[in-house]
Each structure stands twice: as structure tokens, then as C-alpha cells.
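Me: I would like to go through this model term by term, asking on what grounds each label is given.

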Amino acid sequence: MSVATRGWPSLEEVAGEIRSIVSDGSAVGCMAHKDADADSLGSALGFALSLREMGKRAHVIVPEPLPLLLSYLPGFDTLETGQPAVDTLFTFDCATLERFGEARPYVEGANRVVSIDHHASNTGFGTINLVDPDASATGQVVFRLLREIGAPITPAVANNLYAALFTDTGGFRHENTTEGALRLGAELVALGADPAFVALRSYKWRSIPRVRLEGLAIAGLQAECGGRLVWSQITQAMLEEAGADMQESEGVIDTLQSIDTMKIAILFKESEPASTKISVRSRDPYNATDVCTPFGGGGHQRAAGAELHEPLLSARPKVLDVARRMIESSAPRS
Ligand SMILES: [Mn+2]
């Protein structure tokens, strides 16, 4: 990232200021987003563990609830859900202030915010913004930053950054699996990351309730527009039947996404009686964020999400209407 991309300051431009934050005696916070994934939390933990190696006090903070599926990440046992007093707050993989949920006032009230991200939709809410929309994962941006400021990359740091990179590329399967991503993967393995362990815990370590829940969701699969629009849902009743937690619905969207005719896949999650979350995936020529932005959400071209503050039964037709109109209006030539 030697050249500033799309108006964001370059790594070299912000590295000096970040280096001086890291070398002064103050405490920093490293914050992941709500419902943290391995890119957000692995980046926060990897960065914090490297800083701690240098004697820096670094809190790793995640909005509640704790993302227990990520308990395999080194340093997970040091996670905090509170709001510790810090001089500077680093945020990871967060494009908007909405991503912090109920911790948003804590972020807005911070003395200084350093936002490290790879979403093209980043709103620039940080005091310092290190955003590279061409990076495959925020973990890749963190790796370059640590290198630039001369911070150590221990095996624990490498495992966190490898988990970030590996999962944000869908296990090196998505379109963001670039030469740079694969080279970084190899470099992190050379530094002590364990690819078999990360793969095991990311994709081959599912509880029985989680597999049962996926079965229920797949049994409820709906297909429209000649199979181009596919969707399903996770209700509170389904969670109860499977004995699962909503966090364990992760992965269902991947199965919807694997359908051969799929152009837009949507999973509706009844997170609360009056709150519905959606996960969206797409293939060309459709952009997944176009389904989510009308509802205040966002994400990447191929993977996006939103949270609607209304019950599943009223949220669902509104979202489906947007998706149907996208498919019908652009009716791709077959
Ligand atoms: Mn990411």
C-alpha cells in the first residue's frame, strides 16, 4: 500500500503517528465490531498481542455478547466487554459507527480513534483512518502496519492474522483470494501460524446443535426467480428446537451461497422479537450491498448485512422486494 488509494491516506503517511502512539506510555484499546468475525477479532487480538510484546498496555474490547466460536484465537481469554479508559482506541474491520452497537457512544467519546479497515464503504469516522479497500482482509492491513512500525510478529500474532485472512477469503475460495493473500498466508505460516488448526476450528468444528440448526434452515429453503433468489430464515423457535445459539447460525448462508443457480442469497435471522438481521451473498452482476443499504446496512460487493429494527414477519417482505426488483430489473441474459 505505498500509494494512497481512493483518497485514503497511505500507510506511510499514518505510520509515524501510530508509531508514536504505540511507543508512549498510554493505554490503548483494540476494538472489534459487534458479532465479531475472525477478521475483526483476529486483527484486534493480533495487533494487541504484538503491542503487548513491546510492553504496551493494550485492552482488547468486543461489544457483548462474546463471540465464543472464536475462543480458539490466541489471547481470547484476555477479551473485555467493558469500556476501559484508554488514550487511543484502535478499531478493526469496522466501516461505520453502527458496527459498535451499544458500544457506539464509547467509540464516539474516545479521545482519539484509529480506524483500521478494508471496506470500501468506510465512512472515515476515525481520527486516523488506515483503510485499504484492495486488501483481502483487515488482517492484511494490520500485518503491513506491524511491519511498517517494526512491531514483532510472534506465532500468536501470526495465528490471529492468519485466521483473519483465511476466513475473510472463505478459506482461500472467494474472489478476494489474490496472489497477495496467498503470499501473506505463506508468510504467516513461516512466522508460526498453524493452517490446519485454523482450518479445523473455522470450518470443521461444529457442535451438534449447530448442524441441527443448519438442517432446519436448509429444510426451510425458498427459491424464487428461477432459483436466482434463494433465502431462508432462523427463528427463535428454530434455535430452541435445535438447542442452538444465534451465533451458531454462521455457516448457513454459505450453504445458500453454494446453490448453482444462486444470484442473490439471503438469510433472515430473528435476533429479537422486534429485530431482524440479514446476511446477503451475491454473484455477478449483483452487488450484495445493494440489498442492505436501503436498510442502513453495508459490507462488500459479495457479502453484506443489515439489521432491521422490526419483526421478522414485517422485515422479510421488504428485503425480498428489494432483491426481487434487482433481479427482475436487470434480467441477465441466460
Ligand atoms: Mn473483513
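**Domains, burial and pairing**

Reply: Between domain 1 and domain 2 the count is 3 salt bridges. This is a predicted model, in which local features need pLDDT of at least 70 and side-chain atom pairs count only at pLDDT 80 or more, while totals for chains, interfaces and linings use all residues. Residues are numbered from 1 along each chain as its sequence is written, and side-chain values use heavy atoms, with hydrogens and water left out.

Me: Why is the meeting of Lys34 and Glu307 called a salt bridge?

Reply: The term asks for a side-chain nitrogen of Lys or Arg within 4 Å of a carboxyl oxygen of Asp or Glu; the side chains of Lys34 and Glu307 meet at 3.2 Å, N to O, so the pair qualifies.

Me: What makes Gln257 buried?

Reply: Buried means under 20% relative accessible area, exposed over 50% and partly exposed in between, with a 1.4 Å probe and protein chains only. Gln257 has a relative accessible area of 17%, and is therefore buried.

Me: How do you know that strand S2 and S3 pair?

Reply: Two strands pair if DSSP finds at least two bridges between them, and strand S2 (residues 58-61) and S3 have 2 bridges in the parallel sense, so they count as paired. Within this pairing, Val60 stands opposite Leu79 in S3.

Me: Which bounds does the domain assignment give?

Reply: The domain assignment, which is automatic or from a database, gives domain 1 (11-203) and domain 2 (208-330). Their C-alpha centres lie 27 Å apart.

Key: Helices (H or I, at least four residues) and strands (E, at least two) are DSSP runs, numbered from the N terminus.
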